[in-house]
Amino acid sequence: MKKISTRQLLFFLACIMPVGKLVLLPARLADTSKNDLLFPLLVSYLVQAAAIFCALLVAKKGMTFYELLANTFGKIVAKILITLFAVFLLFAAFLPILEQKLFVQSVFYDTLPSFVAFAPFFLFAAYLLSKPLTSHGRVWDILAPLSVVGILGILILSLSSADFSALAPVGAAGWKGFFRGTMSATAWFFDAALLLPLLGTFRYEKGLAWKGTVCYLAGGAVVALFVAMFYGIFQEISPNQLFAFTATSKYFSGISMLGRIDYIFIFALGLVMSFYVTLPLKESIECVLEAYGRPRYLPTLLALAVTALFLALVVIFDYRFTEVLGFFTETVFWIIPIFSVAIPPLLLLLRRKRHAV
Amino acid sequence: MRFKKFLQTVPMKLWIILIVVVLFSFFSNDFGLVDIQKTAIILAAGIDKTENGFSLTAQIAVPKGSDRTTGGTSSVEIGAEGETVSDCVSLIFSETGWVPKLVFCDLIVLGEDAAREVDVISHLNYFLRNDYMPDSCLLAVCEGKAEELISSTSAIDDASSLAIEKLFSEAAVKSGKVLTNTLKDFAIDYYGVSKCSFLPYVRMKEQEGGQNDSQTAAGGGGGTSSGGGEEKQQIYIAEETALFREGKMVGLLPREQTLALSLLEGNVFTGTFNTEGDGSPVTLTVMKNEGGISLDSAHAPKAELSLSVTVRLCCRGVTAPVEDIASDSVSEDILQSAKATLTEYVQKLWDLCKESKCDVFQLKRMLYRSSLKKYAEWKDVLLEAVTPVIHTQVISMK
């Protein structure tokens with residue numbers, strides 16, 4: 001089977017993962033932590049970086065996620081655990097997909113913001129979900145430069161409008177603001193969990209763990225710069241700016257003469273996001289296939305079933321986004337850290353059973 | 001070597017297809033399609049206070065010719081009354097069948113009553129909440145009713161809003177004659193610790209000899225009256241600046257203090273101001289301007305207002321010899337006089353702000369950002385307690 005190369009994996013960590021954190025997260029952090037919004041972000045990144053380091057070390061064992069579990073707990077328990085993990089991935093994917101829908105509707109189709117405008121996404125998703133997981137490696141090769149150009153373009157156009165002194169004074173939001181911010185941010189930080197289903201699809205090369213962690217933190221630094229800039233531009237009204245990366249660049253002085261040239265970069269990032277939000281769905285399907293086998297039509301059937309499920313969920317929650325956001329960031333915020341922070345280090349501790357499979 | 005290998009693995013055809021798709025999507029502008037026959041493209045909105053709430057006057061661009069069309073933008077004004085601004089917008093829709101569209105609304109004008117008597121965020125919050133409203137939209141207050149201003153016939157443009165927007169151009173701002181503010185920046189000031197801001201104050205002036213027999217279309221909700229027959233053409237002036245505290249208009253800066261605030265912000269380039277030289281009036285042009293406001297909170301708070309201008313002689317109020325006309329440089333006598341004039345403008349600006357308790361300099365914000373402890377100590381009495389130190393420097397162009 002064709003493997004994901006180290007380069008592709010590093011591109012994913014450095015260039016693709018940050019994109020998912022540029023839409024609603026900055027406004028949510030500004031809402032909960034005010035001008036101290038960088039602190040919850042930094043803590044979330046550091047915790048995830050540690051988990052990613054562990055997840056990449058697990059790759060040294062050369063086994064898939066399911067094989068690791070089966071070797072220690074046996075097939076039945078492993079199947080239960082992997083099913084739980086697959087459900088978790090579907091759960092984690094829901095907010096980003098809803099986010100993507102709102103973003104596409106509100107930003108690209110502002111004159112006709114109807115659900116129909118977003119519906120073709122599901123055709124695209126169904127196609128992607130039916131492709132092998134390793135094909136995402138090639139996708140990351142293509143998307144990484146697009147992502148870099150998109151983020152750089154937006155940063156360059158926006159920097160001059162930002163007043164970074166708005167981030168002072170440090171500690172104004174207090175501990176409460178910090179904890180609320182960290183709690184809210186968990187909904188967007190399941191990065192380490194995304195690496196687990198990829199175990200076995202790439203070879204561990206010397207130094208991959210620290211290289212991957214550094215790449216992830218480099219992407220995080222760009223996100224932190226963007227979030228600081230976002231707050232510097234919108235200051236007290238930041239919580240009202242839902243689609244952060246589409247809003248910051250429009251104050252560039254050249255826009256009044258040239259038109260919204262920043263939309264080129266917004267489109268580029270929108271495209272990267274479309275691929276990024278489907279990844280947890282694909283990984284969820286892959287977990288099930290790994291555990292229960294791959295009869296001829298099952299991958300396609302699962303791809304169609306997951307697409308249909310999410311189409312239905314998006315329709316059902318079309319006008320309940322605030323409720324969904326509150327549910328993810330305030331009620332069940334603890335679920336994501338269990339899977340994305342606790343599991344990777346625990347996997348390092350797993351020992352092969354004497355009579356394992 | 002590695003880079004070459006990477007390039008070989010990336011399918012170039014896919015790259016090209018992706019770039020073409022992204023560029024095509026952008027340049028096609030298909031995402032911006034609007035059914036113009038069913039949509040009311042609002043160019044500007046005027047808000048007034050009424051007994052029961054608000055009245056909204058929307059100036060709407062129309063796709064067909066009208067009496068007022070002279071080959072440029074034709075427009076009609078539709079008015080509606082309601083308890084909230086949203087009510088008014090809904091009424092415009094229900095009574096005309098046009099879907100009001102705010103994406104192109106670049107100007108919101110507040111009537112003086114609406115600005116003085118109620119917290120303006122009570123009506124502006126509709127626009128802040130609206131995802132399709134650009135927050136770079138300009139805000140202004142007008143003398144009398146916004147409805148009258150929006151519905152007036154401009155002497156210089158087809159639509160009054162377009163004529164008013166000309167007053168707020170970048171060139172006008174650089175002249176120091178007008179201070180503009182956007183919905184975004186006004187909201188940031190309002191929700192910030194100072195809770196103070198400013199907006200340009202627009203007056204209408206009848207154009208002598210100018211007359212137009214255009215007809216103002218009227219619609220819904222008992223708003224705009226239909227004006228048949230002859231209507232006087234108007235010109236607009238926005239040299240004054242309205243001061244806001246906690247969302248209410250609390251004072252008005254005359255043109256000199258508008259200039260002083262612009263100079264303190266370091267905005268002015270090629271703006272002019274008058275002073276005296278050899279007992280006659282002299283106009284100087286500002287060729288370079290640096291300004292700044294800082295707060296020293298080490299001991300008792302002290303505000304430092306500093307401005308530096310490089311000027312050249314623009315005009316004398318008396319006949320001058322040709323050698324004088326050929327020279328740009330300004331005599332020491334005039335420089336001293338200009339320094340005194342600008343210092344007086346800034347001092348008066350400070351007094352007016354203090355009188356109206358409007359922290360237009362954002363001193364509270366500066367204190368808050370520099371020290372939470374000092375902020376807690378001084379926040380309630382800062383403007384009264386602070387001592388202003390004015391530094392003015394006027395340099396002649398060589």
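This is a predicted model: local features need pLDDT of at least 70, side-chain atom pairs count only at pLDDT 80 or more; totals for chains, interfaces and linings use all residues.

Guide: Residues are numbered from 1 along each chain as its sequence is written, and chains are lettered from A and ligands numbered from 1 in the order in which they are written.

Visitor: What is the order of the four strands in the open sheet of chain B?

Guide: The order is S12-S13-S14-S15, with mixed pairing. Strands are DSSP runs (E, at least two residues; helices are H or I, at least four), numbered from the N terminus, and two strands pair if DSSP finds at least two bridges between them.

Visitor: Why is one side of S12 and of S15 left without a neighbour?

Guide: Strand S12 (272–277) and strand S15 (387–396) of chain B stand at the edges, so each has a single partner strand.

Visitor: And how do S13 and S14 of chain B pair?

Guide: S13 (280–296) and S14 (302–316) of chain B are antiparallel, over 14 bridges. B:Ile293 has B:Leu305 of S14(B) as its bridge partner.

Visitor: Changing topic, where are the domains of chain B?

Guide: Domain 1 covers 36–253 and domain 2 covers 256–398, with bounds from an automatic or database domain assignment. Their C-alpha centres lie 31 Å apart.

Visitor: How many residues are in contact?

Guide: In chain B, 21 residues of domain 1 are in contact with 25 of domain 2; contact means C-beta atoms, placed from the backbone, within 7 Å. On the domain 1 side, S10(B) gives the most, with six residues.

Key. Two residues are in contact if their C-beta atoms, placed from the backbone, lie within 7 Å.
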